[in-house]
Amino acid sequence: MQETFLLPLIIALPLLGFVLLGLFGKRIGEPAAGWLASLLVLGSFLLGLVLLLQGGARWALPDWLPGIPFSLNLDNLSGVMLMVVAGVGFLIHVWAIGYMHGDPGYSRFFSYFNLFIAAMLVLILGDSLPVVFIGWEGVGLASYLLIGFWYQERLNADSARKAFIVNRIGDLGFLLAMGLLWSMFGTLSISELVEKVEAGGYSFTTLTLAGFFLLVGAIGKSAQVPLMVWLPDAMAGPTPVSALIHAATMVTAGVYLLVRHAFILHGDSFLSGLIVVIGLLTAFYGALCSLGQWDIKRIVAYTTLSQLGFMFVAVGVGAYWVAIFHIVTHAFFKALMFMTSGSVIHALGGEQDVRKMGGMRKYLPATHLHGLIATFASGGLVPLAGFWSKDAILAYSFEYGPWLWFLMLMASVLAALYSIRWYVLVFWGEYRGKEHPHESPAVMLWPNHILMGGAIGVGFMGLPYVIDYKNFIEPFLTKAIGEFPHEKLPVLTEWVLILTSAVVAIAALWWGFRFFQQKMPAWYERFQAAALQGFYADALYNTLLVSPAKGLAELLFEADKGLLAGFAGLGNLMGGLGSLLAKLETGALRFYLAGLLVALVLLVGWGVLR
Amino acid sequence: MIWLVASALLFSIGAYGALTRRTAILMFLSIELMLNAAALALISFSKLLGSLDAQVVVLFIIAIAAAEVAVGLGLIVAIFRRRETTGVDELRQLRG
């Protein structure tokens, strides 16, 4: 651990890009603006990598607020997140250079993109909770700006507002948690909180409450049940935004926050149980909804929900390093899946309906390969990245309880099904549209090549202990998260679990591959209709929350209008009184003079008689 | 005391004149009479009470009245130039 001013520089680089592109973007022009933004993110990545290899870094600005320093902390946990955010972020930046080509808001897009990276890095590196909160709100703002990037269309602007408003609920939880922790411990620095929590001498109930509020914050940001409704609509933004913010990085911020506060959650059976239930619900909800979507980006958005549910379950069962491991592998294969979708959309001139796709394997061979790998990694095929992280979650679930393991296995069957459905609908069969598909330019293919490499290989740093006794990532992360000893499963059980999940994944992928090519049976059509509507969650929220709130707002508006009318009436009354008095101004000089004299006589008379 | 009576007479004549004359010039003249009646009253009070304060005030009144006459006559001349009349009964445009 070293004190170095290079640490804030990691954040300052993309922030500089935001300022430069925001002020001079039009003059920098295309494609220089995109390359500038990408290279600044690459700079952050390399700087972060160097500092991480040197064993981490700290930096603090003492007394930023009274009693609260502006402290940043690069340890192994934030380091891994930084690698993902800046690394995958860089690739998506480069890809976006091709995807956003010719957009009138080209430089504005990259300016927002850099703002997002800067805010996300503040969130990750912040050691003091208010600093984390700045990043937390910053990514929310960037997300809002980018969802509504094509703001001329009302739908996009509405989706952006929806995301922002739903996230407010989570942010309130975060704020309450901060307030509680401050009143309990008198500090908001995470590294100091760890020590104070270990030292004891506080009310466990209050700490649970603080953890609960943190969980509310995480639920909002990571779009878990019941605050999941904003994520599918967030797909209104450009595809790179969906890939970077709403799949690979920002939505995992909630999971990261929970892992950061593992010392609060650990050993609290209420909170862990709650997290497991929420994660399970989200995993199933996302997976089932994904199976009924027709919009290619909404399909992938719901798969993201499902995978985020997996991460929550990992946090709930105490497998904190596994949650981060899954964030890493998920960032690779989900970004790849999104960008493959984006390449297809790009090839078809903006078409997003999968019913008008199909047969793309013939037209887009390289993109087809990317899609295939993304499908296999997401579906959990041995030995791709997604398999190993999902398998680690399943193993820990088995320790928590075999019933949970079984439910998670079912969820991963669904994961395999939605992945293969996406693949079959886009790449298999005959082309059902009228466009002339063309393969993407090199600037869009190369980032996908690299991501594909990650989706294949990145899982090998977290192999189960029966294969690789001391894998790389577990000790690396637990150094930062904290040691939470647990009984490792017996070798035989572990092998059985691995083989079961491998065989189940292959079977599900194969069955899905056959099933989704044929004509859909009636029961599936019925299920699909419900899933397309997200099982009416939006309609339910509209009836229960939005409509009453709207009614109240309209009532208040009417009352406001009444109040204003009252004031206007008062004004009119005064005006009438004034015009009555104005009648006295006859314009006849003699009349005024007579008035003066009468007044004089009255005054003198009053003076004499008094 | 006689001066006070004279002042009251002068004031009443001025008031009557101001109310009855039609031309602005004569109205103005009557107002000047009222003003000087007030000055005369002040002087007589000053004599009655044996204080010089009021006499000083009257000196001021005379000085200011000189300026006021200049302005007032200037206004009347300006009105006459525009309207070719100084009859106050015809100058009734400023009404509410």
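## Ground rules

Helices (H or I, at least four residues) and strands (E, at least two) are DSSP runs, numbered from the N terminus. This is a predicted model, in which local features need pLDDT of at least 70 and side-chain atom pairs count only at pLDDT 80 or more, while totals for chains, interfaces and linings use all residues. Residues are numbered from 1 along each chain as its sequence is written, chains are lettered from A and ligands numbered from 1 in the order in which they are written, and side-chain values use heavy atoms, leaving out hydrogens and water.

## UniProt spans on both chains

For chain A, an unreviewed entry puts "domain: NADH:quinone oxidoreductase/Mrp antiporter transmembrane" at residues 128–414. That stretch of chain A comes out as 78% helix and 0% strand, with 39 Å between its end C-alpha atoms. An unreviewed entry also gives residues 68–110 of chain A the annotation "domain: NADH-Ubiquinone oxidoreductase (complex I) chain 5 N-terminal". Here the model has 67% helix and 16% strand, and the end C-alpha atoms sit 33 Å apart.

On chain B, the unreviewed UniProt label is "transmembrane region", given to residues 27–45 and 57–80. Residues 27–45 of chain B are 100% helix and 0% strand, spanning 27 Å between end C-alpha atoms.

Chain A has an open sheet of 3 strands, ordered β1-β2-β3 with mixed pairing (two strands pair if DSSP finds at least two bridges between them). Its edge strands are β1 (2–3) and β3 (68–74), each of which pairs on one side only. Helix α1 (residues 6–28) of chain A packs on this sheet and touches β2 and β3, its direction making about 85 degrees with that of β3(A).

How do the strands connect? β1(A) runs parallel to β2(A) (residues 57–65), and 2 bridges join them: A:Gln2 partners A:Ala57, and A:Glu3 stands opposite A:Arg58. β2(A) and β3(A) run antiparallel, with 6 bridges between them; A:Ala60 has A:Ser71 as its bridge partner. The hairpin of β2(A) and β3(A) leaves 2 residues between the strands, and A:Gly67 there takes a positive phi near 85 degrees.

Most residues other than glycine have a negative phi, and most peptide bonds are trans. A:Asp63 is no glycine, yet its phi is positive at about 50 degrees; this residue is found in strand β2 of chain A.

There are cis peptide bonds to look at too. One joins A:Glu30 and A:Pro31, with omega about -5 degrees, and A:Pro31 lies in the loop between α1 and α2 (32–53) of chain A. Another runs from A:Val382 to A:Pro383, with omega near -5 degrees; A:Pro383 belongs to the loop between α17 (365–379) and α18 (385–400) of chain A.

## Helix pairs in chain A

Axes are lines fitted to C-alpha atoms, for helices over the stretch in contact (heavy atoms within 4.5 Å), and angles run from 0 to 180 degrees between N-to-C directions. Helices α13 (residues 269–290) and α14 (residues 296–316) of chain A have axes that come within 7 Å and cross at roughly 160 degrees. α13(A) and α14(A) are therefore roughly antiparallel (over 145 degrees; under 35 is roughly parallel, 65 to 115 roughly perpendicular, the rest oblique). The crossing is left-handed (the near helix is turned anticlockwise from the far one by less than a right angle; clockwise is right-handed). Their contact has 15 nonpolar, 9 polar and no charged residues (Ala, Val, Leu, Ile, Met, Phe, Trp, Tyr, Cys and Pro are nonpolar, Asp, Glu, Lys and Arg charged, the others, including Gly, polar).

α17(A) packs against α19(A) (residues 402–427) at about 165 degrees, axes 8 Å apart, so α17(A) and α19(A) are roughly antiparallel. α17(A) passes α19(A) in a left-handed crossing. On the α17(A) side, the residues include A:His368 and A:Leu372, meeting among others A:Tyr418 and A:Trp422 of α19(A). By class, the contact has 8 nonpolar, 7 polar and no charged residues.

## The helix pair in chain B

In chain B, the axes of α2 (residues 24–49) and α3 (residues 53–83) come within 10 Å, crossing at roughly 175 degrees, which means that α2(B) is roughly antiparallel to α3(B). Among the contact residues are B:Phe28, B:Glu32 and B:Leu35 from α2(B), plus B:Ile61, B:Glu68 and B:Val69 from α3(B). This contact has 15 nonpolar, 3 polar and 2 charged residues.

Conventions: UniProt positions are given in the numbering used here, feature names are shortened, and annotations may be inferred rather than shown by experiment.
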